[in-house]
Every structure is written in C-alpha cells, then in structure tokens.
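Let's take a friendly walk through a protein structure, one piece at a time. Keep the picture open as you read, and try to find each part for yourself.

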Amino acid sequence: MGSLLQVIFDALSLGSLYALGALGIALIFGVMRLVNFAHGDVIAASVFALLWPSVDAVAIIFAGNLPWFLLIPFVLAIGAGLSVASEAVVFRRFRRTNPATMMIASFALGFVIRYFLLMLFSSRPKSISLLPSLSQPVEILGARIPLLQIITIAVTMVVLFGLTAFLRRTRFGLEMRAAAENFTMARMLGVRANRVIMGAFALSGALAAAIALILGSQTGTANIMMGANVMLMAFIATVIGGMGSLAGAVLAGFLLGAIATVMQVILPPDARAFRDAFVYGAVILVLIFRPQGLLSARGTRERV
Amino acid sequence: MSHPVSHGSVARRSIATPVLLGLLLVAFALVALAAGSKPFNQTIIDIFLKVIFVVGLWVFVGNSGVISFGHIAFAGLGGYVAAWTTIKPMMKGLSMPGLPDWLMQTEIPYWASAGLAAGWAALWALIFGSVLMRLSGIAASIATFAMLAMVNSIYSNWDSVTAATSSVVGIPIIRSIWPYLIAALIAVFAAWAYGISRHGLALRAARDEPTAAAASGVDIPRARLIAFVISGAIMGMGGALYAHSIGIVTPDTFYLGLTFITLSMLVVGGMGSLSGAVLGVLILSTLIQTLRWLEAGVEIGTTTFALPGGVQEIGLGVVMILILMFRPAGIMGNRDLSLPARAASETKGLQSPKT
C-alpha cells in the first residue's frame with residue numbers, strides 16, 4: 001500500500017514538472033506558432049540568478065539568501081523578465097516568418113543563453129541549498145513522501161486552476177484564447193497583439209522559473225544543462241497532447257510522468273538506465289496511432 | 001518527370017553546381033597541401049567532415065522544408081559502427097565486452113567501415129523515418145529531436161557495447177586529407193543527383209505547394225522518407241569518418257553541440273540550395289576558427305588579449321539569429337552556383353518563346 005502510494009506521488013510530481021513545462025511551451029505556440037527551444041535555458045538561467053557570477057567550483061550564493069517570500073517572487077520575475085526580453089529583442093522580428101525559421105531562431109537563442117551562463121558560471125554543476133526545509137519526508141499512510149513532492153503537486157494544481165480561471169474568466173485570458181485560435185481574426189476584433197504576446201511570454205517565463213525552483217530544491221545543484229531534460233519531455237508532451245492545445249499539453253505531461261515512473265518500477269534493473277529511451281519509444285508508438293496528438297487544437301491542423 | 005530526355009537536360013543544366021562546389025573543395029585541399037602544417041590539415045579535414053554533415057542534412061531539410069534536429073543521431077550511429085568494426089579485437093574486448101563474437105573479431109579498413117556505417121544509419125533512418133514522416137512539419141521536427149535524445153540515451157547507457165559515456169579509444173586515425181575530400185565529393189554529387197531525381201523534384205514540389213503536389217499524385221510521406229534515408233546514409237558515412245579523424249567516440253560527441261553547428265551552417269548558407277549548404281560550412285568554419293584563435297589569445301604588443309570561453313558559441317548563435325532576421329533564406333538565398341554564361345543562355349532560352 002505504502003509503496004503504491006509512493007509510486008503515485010512520484011508519478012504525479014514528475015508529471016507536474018512535465019505539465020508545467022509543456023504549458024509554458026504550448027502557451028507561446030498558441031499565440032505565435034513559435035516552438036520555443038530557449039525554454040529550457042530560461043529554466044537554467046532562473047536558477048543561476050540566485051548565484052553571483054564566478055567560475056569557481058563553490059557557488060557564491062547571492063539572491064539565494066533571501067527569505068522564501070522574497071526569493072520565490074524574485075525567481076519568477078527573473079524567468080518572466082528573461083522570457084519577455086527574448087520576445088522584445090528577438091522573436092518580435094520573426095512574427096511574419098514561417099514557424100520553421102522561428103524555431104531555429106529560438107534554438108540559436110537557447111544556445112546563446114546557455115553559453116552566456118557557461119561564460120559566467122562555468123559548465124561544472126554547483127551545489128546550492130535552495131529551500132532546504134522542503135526535503136524532509138512526511139509520513140502518509142505508511143509511505144514516506146518528501147514534503148517537496150507534495151508541494152510540487154499542490155503548486156501545480158494551484159497554477160493549473162489559476163490559469164484556467166484566468167483564461168476563462170478574465171478579459172485578458174479571453175483575448176489570449178482568441179489569439180491562440182485565430183490570431184488575425186482576433187487582431188481585427190480589437191485584441192492588441194503585442195500585449196497578448198507579451199503576456200504569454202511572461203506567463204511562460206514564470207512557469208519556467210517555477211520549474212527552476214522545484215528542480216533546484218529537488219536536486220540541490222545548479223547546472224547549465226538542467227532545463228534540457230524537462231524541456232525535451234515538455235516538447236514531447238505538447239506534440240502528444242496536440243500542438244497548441246493547453247489541456248492536451250497538461251494531460252500529456254502527466255501521462256509522460258506516469259509512464260516514466262511506471263517504467264522505473266516495472267523495468268528490470270538492467271534496463272532502468274534506458275527508462276527515457278523507452279518513454280521516447282512509447283511516444284513514437286502513440287504518434288503512429290494519433291499523428292495529430294491526443295487532443296488536437298482547432299486551427300493548427302495542417303490540411304494536407 | 002521520369003521522361004529520360006527531360007531528366008537528362010535537367011542534369012546537363014544543373015551539373016555546373018556540383019562541379020563548381022567540388023572544385024572549391026579541391027582548392028581547399030590544395031591550399032592545405034601547400035600550407036603543409038599539421039593543425040591546418042586537421043582544420044581542413046574538419047571542414048570536409050562538416051561539408052558531409054551539412055550536405056547530408058540538406059538532402060532532407062532543404063528538399064522537404066522540414067527542420068530536423070535529429071540527423072546527428074545518424075552520424076553517431078555511424079561513428080559507433082567505425083568503433084565496432086575497426087578497433088583491434090583485443091582493445092574492443094576491454095572497452096566493449098558485450099559485442100557479439102563475430103563483431104568482436106571483425107577488423108576492416110576505414111573505407112569499408114564508412115560504407116557499412118552509411119548502410120547501418122540508412123537502415124535506422126528507414127525505421128525511424130517510417131514513423132516520423134507521418135507527422136506534420138513542426139511535430140516531425142520535435143519528434144526528430146526526441147529521436148536524437150533517444151539514441152543518445154541508449155548509447156550513453158548501454159555500457160557493454162558502447163562503453164557508456166566514457167570515450168571509446170583505439171579507432172585508427174586517418175590523417176590524410178584525401179579520403180575526407182573524396183567522401184565530401186561523394187556527398188555533394190549524391191545530394192545533387194538526388195535533388196534532380198524524380199523523388200527530389202517531387203519532394204521540393206511538396207515543400208513549396210503541398211496541396212498542389214498532393215493533388216498531382218505526390219505521396220508526401222513517402223517522398224520525405226526517401227530523402228530521410230538518403231540523408232541518413234550520408235550522415236552515417238560522415239559519422240564514421242569523423243570517428244577516424246579524431247580516433248575516439250563518445251555519445252556526447254554526436255549530440256546538441258554538433259547539431260547546433262551543422263544546423264547553423266545550413267541556415268547561414270541558405271537551406272534552399274546545395275550551394276548554400278556548402279558555402280555555409282566554409283563561411284562559418286572561417287568564423288569559428290577566428291573566434292577560436294581569439295579565445296586562445298592574441299598577443300598585441302606585450303599583453304595577451306583573449307576572449308573568455310563560450311564566446312565562440314555565443315558568436316555563432318548571434319550570427320545565426322541576425323542572418324535569420326535580415327536574410328531568412330540564407331546567404332545564397334535559394335540560388336545555386338552556376339556558370340554565368342550558362343545561366344544567361346538559360347534565361348534567354350526561357351524568354352525567347354514569348355517574344
């Protein structure tokens with residue numbers, strides 16, 4: 001019983017990370033058809049914002065010493081700020097180009113951010129202790145669940161419900177959904193494009209920063225490559241969920257988390273190292289049967 | 001399209017492109033020979049290898065218009081074929097004890113391993129491609145990224161046959177530039193021949209006007225798959241030669257770094273034409289060498305001026321973004337190199353019936 005509960009919590013917390021990542025990617029894809037390869041590097045940059053630039057092996061904690069109620073908004077603001085800045089400096093000039101060009105531009109931007117971090121901090125992983133009080137376990141029905149897992153799941157739920165309410169109940173959310181559905185039409189009906197796109201980038205960046213906080217406290221290290229794995233899974237989640245569908249992205253994120261966790265349990269120990277390879281294989285299988293994704297969004301389907 | 005006469009004339013009209021590009025590569029080789037210094041030789045070999053990779057990438061990306069982030073996986077498959085078939089059996093037993101017995105005893109020359117690598121990569125391109133080519137453009141791009149990660153994850157963990165993340169050493173190093181030149185020429189001519197074949201023309205029609213092409217009977221997934229397999233084979237050959245140029249392979253040799261560099265070369269040169277692919281390599285290689293040289297430090301008077309590490313990649317990324325912003329079709333646009341006189345007569349020939 002306890003171990004089953006453990007598996008469920010593992011699956012939910014891993015799925016939460018993937019779902020938050022997929023949401024950040026799907027939000028931007030929805031409003032401007034941009035597949036943002038720089039997302040993972042925004043995650044890494046948000047963690048490194050806590051450190052003072054140095055190439056020494058020992059991390060010099062800078063903003064990381066703030067109390068939590070200042071630290072969390074600070075990191076979220078860094079993520080949102082970086083994301084909005086990347087829109088203003090780079091992506092704004094690509095609005096009229098085709099999605100493939102934008103995708104390569106974001107790939108290049110991600111590399112620029114990553115190597116900028118490398119220049120400032122070196123490529124060695126650095127140990128940080130971010131919100132250490134969260135790593136103690138709690139006992140629930142005989143299972144020892146790390147407090148961080150529970151908080152991760154709770155935070156994800158709050159974010160998901162908050163975002164749903166925001167998209168459904170507010171004017172800005174309505175504009176964003178309209179823009180995702182048909183951008184040209186929405187603009188003609190008075191939706192201000194820049195505001196909506198900026199908003200999507202800010203939200204996406206804040207989501208990246210939330211992932212950064214969770215990953216940073218989970219692993220206790222800062223690494224310039226730390227966003228890469230979550231980003232890849234998030235990408236896959238957006239493809240499986242159906243490009244541009246927010247609900248699909250979240251659903252697929254949780255699904256991937258569940259598959260990965262279950263694989264970890266049922267695979268023989270020799271094969272566990274290949275867990276991610278099995279997950280990607282499973283993804284390819286899903287795509288054979290549903291090439292358009294689980295929930296395909298209206299207006300993004302290719303007609304040929 | 002399949003009519004022999006018209007096909008012949010397409011070949012005659014466009015043969016100037018691969019010939020000019022080939023001459024350019026031969027000129028590079030001769031310069032290397034004249035310079036005769038060892039590091040410069042290695043630089044030229046590196047350029048030829050990049051030509052193979054970028055031309056391989058172009059066969060799929062340029063003709064189909066679908067961006068692939070996964071082609072370096074095929075280069076990795078090829079690189080490990082070189083490791084499996086050319087290292088001395090004794091050394092293989094130490095680093096990769098899990099290889100089947102027949103493979104353990106195999107020791108073939110480098111050119112045979114490159115050919116085998118091309119076949120092995122083509123086989124996997126066929127397997128992956130038959131699934132991935134069913135997806136639409138953007139989804140297919142992301143799925144190729146997943147393919148790259150999947151191959152990397154398998155090769156990084158399967159320690160009995162790939163030595164996991166540690167380097168596999170002992171691959172015979174080929175220091176002569178000629179094999180690399182020949183392979184680069186093979187890649188360029190193969191890419192050209194594919195581009196003017198009926199499959200290549202059909203795929204380009206599908207890239208530019210998918211609806212019209214489908215209505216004219218082009219089976220788009222199949223056309224993409226053919227390009228994917230051919231480009232996979234070229235990447236596999238390049239990967240094996242890459243292994244022979246440095247003597248070691250690791251899974252991370254064939255991962256995001258190489259993907260980024262080859263893609264940026266293709267984008268900067270212009271992915272619409274074969275000339276763009278080759279010139280992109282030559283231009284960016286020069287830029288990279290300059291940045292490397294600056295990173296190593298330049299003495300100006302008595303002080304050494306050096307750029308911090310990472311500037312090379314940042315510089316590449318910025319150049320790539322700027323090119324995409326101001327010249328999205330790349331330096332070559334969609335044009336190919338051709339002889340000026342021939343091009344002029346061609347235009348005249350096209351215009352004359354109207355007047």
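This is a predicted model: local features need pLDDT of at least 70, side-chain atom pairs count only at pLDDT 80 or more; totals for chains, interfaces and linings use all residues.

## Two helices crossing in chain B

The crossing of H11(B) past H13(B) is left-handed.

Which residues make the contact? From H11(B) come His199(B), Ala202(B), Leu203(B) and Ala206(B), while H13(B) supplies Ile220(B), Ala223(B), Arg224(B), Ile226(B) and Ala227(B). Sorted by class, this contact of H11(B) with H13(B) has 7 nonpolar residues, 1 polar and 1 charged.

## Where the chains meet

Now look at the place where chain A and chain B touch. Chain B brings 39 residues to the contact and chain A brings 37. On the chain B side, the elements giving two or more residues are helix H8 (137-157), helix H12 (210-215), helix H14 (256-269) and helix H16 (311-326). The most comes from H8(B), with 13 residues. The chain B side divides into 26 nonpolar, 11 polar and 2 charged residues.

## A helix pair across the two chains

H8(B) also packs with a helix of the other chain: H9(A), residues 226-241, at an angle of about 140° and with the axes 10 Å apart. H9(A) and H8(B) are therefore oblique to each other, and their crossing is left-handed.

On one side of this contact are Leu232(A), Phe235(A), Ile236(A) and Val239(A) of H9(A). On the other are Ala139(B), Ile142(B), Ala143(B), Phe145(B), Ala146(B) and Ala149(B) of H8(B). How many of these residues are nonpolar, polar or charged? The contact of H9(A) with H8(B) has 10 nonpolar residues, no polar ones and no charged ones.

## Chain A as a whole

Chain A has 11 helices and 4 strands, and its C-alpha trace spans about 55 × 45 × 35 Å along the principal axes. A compact globule of 304 residues would have a radius of gyration near 19 Å, and chain A agrees with this, since its own value is 19 Å.

Buried residues make up 47% of the 304 residues in chain A. Among contacts in chain A between residues at least 6 apart in sequence, 76% join residues at least 24 apart.

## Two loop residues to look up

Finally, find two residues with a positive phi that are not glycine. Arg33(A) has a phi of about 55° and sits in the loop between helix H1 (2-32) and helix H2 (39-48) of chain A. Arg33(A) counts as partly exposed because 19 other C-beta atoms lie within 10 Å, and being buried takes 20 or more.

Ala163(B) has a phi near 60° and lies in the loop between helix H9 (159-162) and H10 of chain B. Is Ala163(B) buried or exposed? Ala163(B) is buried, because it has 23 C-beta neighbours inside 10 Å.

Definitions and conventions: Residues are numbered from 1 along each chain as its sequence is written. Chains are lettered from A and ligands numbered from 1 in the order in which they are written. Two residues are in contact if their C-beta atoms, placed from the backbone, lie within 7 Å. Ala, Val, Leu, Ile, Met, Phe, Trp, Tyr, Cys and Pro count as nonpolar, Asp, Glu, Lys and Arg as charged, and the others, Gly among them, as polar. The radius of gyration is taken over C-alpha atoms; the globule rule is 2.2 Å times the number of residues to the power 0.38. A residue is buried if 20 or more other C-beta atoms lie within 10 Å of its own, exposed if 12 or fewer, and partly exposed in between; C-beta atoms are placed from the backbone. A crossing is left-handed if the near helix is turned anticlockwise from the far one by less than a right angle, and right-handed if clockwise. Axes are lines fitted to C-alpha atoms, for helices over the stretch in contact, and angles run from 0 to 180 degrees between N-to-C directions. Angles under 35 degrees count as roughly parallel, over 145 as roughly antiparallel, 65 to 115 as roughly perpendicular and the rest as oblique.
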